Amino acid sequence: MSDIAAFPADRIPATIPATIPAPPGKGLPLPAAGKSVTLQFGDNTLLSLLLGDHDRHLVRLEQGLGVRLSCRGNRLAIAGDPARVDAAQTAITGLWRRLERGEPVSPGDVDAAIRMSEVDDPRLPLSDLPAIRTRRGAVGPRSPGQAAYMDALQASEMVFGIGPAGTGKTYLAVAQAVAMLQAGKVDRIVLSRPAVEAGERLGFLPGDLKEKVDPYLRPLYDALNDMMPGQEVVRRMGTGEIEVAPLAFMRGRTLKHAFVILDEAQNTTAVQMKMFLTRMGEGTRMVIAGDLSQVDLPSGTRSGLRDALETLEGVQGIAVCRFDKRDVVRHPLVARIVDAYDQRTVAERDTSRSRHAAAPVVGGSPAGSTVGGK
């Protein structure tokens with residue numbers, strides 16, 4: 001049983017001094033319709049880990065959830081808007097249960113708890129959400145989008161993961177692939193990426209073909225090494241159980257009883273994408289991951305990922321999971337960068353539409369346009 005109790009503020013001493021100042025505009029003053037709940041913990045050693053060095057986790061929770069947190073002894077009071085208080089209680093309880101299981105709590109785990117606390121999911125608390133279990137431990141979701149994605153990876157034979165950098169699209173797919181390989185549910189893992197030139201030409205890079213394309217495949221190697229010991233990765237690559245190859249090497253093959261991942265799928269052409277998808281054989285799972293805002297194809301070339309989504313979305317057996325800035329699990333600044341670029345894209349689109357609408361019409365066409373022109 002969890003060594004934590006919650007009770008209303010009127011059952012504790014009226015004054016509990018805060019260990020940290022509340023951030024401006026966050027939880028102070030307590031609104032008239034506010035709510036206050038106090039959590040009591042039975043293990044002060046774990047409580048210190050929950051609060052973090054110099055209360056840094058507490059500060060992160062307070063700022064991220066928009067509540068006032070104050071701690072005295074083994075009691076932690078939460079005050080603020082009722083919905084925010086409930087979200088904070090969910091987040092803190094989830095982190096506490098991690099500590100009770102002997103798992104560490106990092107700043108990233110705190111951020112994940114903040115994101116997941118606002119999910120209206122009957123499976124909460126966090127310990128009941130999906131997890132991918134490898135021999136190196138369990139990999140759990142750190143955002144609502146990741147939870148839905150992990151469900152799709154377990155249930156569907158083909159999954160498209162679409163969204164910005166830092167949302168865990170490839171990492172979670174590799175984790176699922178490793179878990180299924182180690183459980184004997186697939187015979188091998190095939191990881192692929194298009195080797196698209198982005199400012200430099202492959203022919204001028206040093207080394208043989210493998211050495212030229214390896215830098216493009218490095219993120220896949222990194223994810224593999226996070227999921228299993230390096231020696232096991234080398235051994236399984238030597239036996240062919242794990243294969244990392246450029247997309248061009250997929251042509252003419254039929255992949256059976258494999259877990260196949262195509263990363264950076266936005267840089268495929270429509271022909272390449274169709275070729276890849278039709279490699280699927282008996283007992284095979286496929287994951288296609290990409291970010292449509294980072295297409296490096298030559299100007300005028302249509303992305304195979306966009307083409308596939310427009311063609312296949314809604315087809316039975318295919319799951320499409322879309323991530324957004326709320327699912328970015330890297331540094332918090334990454335989410336703000338993604339948001340800034342998205343806002344600029346929307347503004348540029350609106351400006352373009354306004355200019356087009358305002359252009360004078362001459363001979364049935366906007367001024368300056370030519371029939372059949374680009």
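D263 has a relative accessibility of 5% and therefore counts as buried, where buried means under 20% relative accessible area, exposed means over 50%, and partly exposed lies in between, as computed with a 1.4 Å probe on protein chains only. The side chain of D263 meets that of R193 in a salt bridge at 2.8 Å, N to O, a salt bridge being a side-chain nitrogen of Lys or Arg within 4 Å of a carboxyl oxygen of Asp or Glu. This pair links distant parts of the chain, with R193 in strand 8 (residues 188-193) and D263 in the loop between strand 10 (258-262) and helix 9 (270-277), 70 residues apart. Helices (H or I, at least four residues) and strands (E, at least two) are DSSP runs, numbered from the N terminus.

The model is a predicted one, in which local features need pLDDT of at least 70 and side-chain atom pairs count only at pLDDT 80 or more, while totals for chains, interfaces and linings use all residues. Residues are numbered from 1 along each chain as its sequence is written, and side-chain values use heavy atoms, with hydrogens and water left out.

R193 is likewise buried, at 12% relative accessibility, and its side chain also meets that of E264 in a salt bridge at 3.2 Å, N to O. Because E264 lies in the loop between strand 10 and helix 9 and R193 in strand 8, this pair ties together parts that are 71 residues apart in sequence. E264 is partly exposed, with a relative accessible area of 25%.

The structure holds 14 salt bridges, among them the pair of R142 and D109, whose side chains meet at 2.7 Å, N to O. R142 lies in the loop between strand 6 (137-139) and helix 5 (144-155), whereas D109 lies in helix 4 (residues 107-117), 33 residues apart. R142 is partly exposed at 28% relative accessible area, while D109 counts as buried at 10%. Both belong to a network of salt bridges that links R98, R101, E103, D109 and R142.

| Salt bridge | Distance, N to O |
|---|---|
| R142 and D109 | 2.7 Å |
| R193 and D263 | 2.8 Å |
| E264 and R193 | 3.2 Å |

Which part of the structure encloses strand 4 (residues 75-80)? Since 5 of its 6 residues are buried, strand 4 is largely enclosed by the rest of the structure. Strand 2 (residues 35-41) runs antiparallel to strand 4 and is joined to it by 6 bridges, two strands being paired if DSSP finds at least two bridges between them. In this pairing Q40 stands opposite R75. Strand 3 (residues 68-72) is also antiparallel to strand 4, through 5 bridges, and S70 stands opposite A77. Strand 3 and strand 4 form a hairpin with 2 residues between them, and G73 in the turn has a positive phi of about 65°.

In helix 2 (residues 56-65), the residues H57, L58, L61, E62 and L65 are buried. Seen down the axis of helix 2, these buried residues fall within an arc of 135°, so they line one face of the helix; the arc is that of the directions from the helix axis to the C-beta atoms. What covers them includes helix 1 (44-51), strand 3, strand 4, helix 3 (82-100) and helix 4, contact meaning heavy atoms within 4.5 Å. Just after helix 2, G66 takes a positive phi of about 70°.
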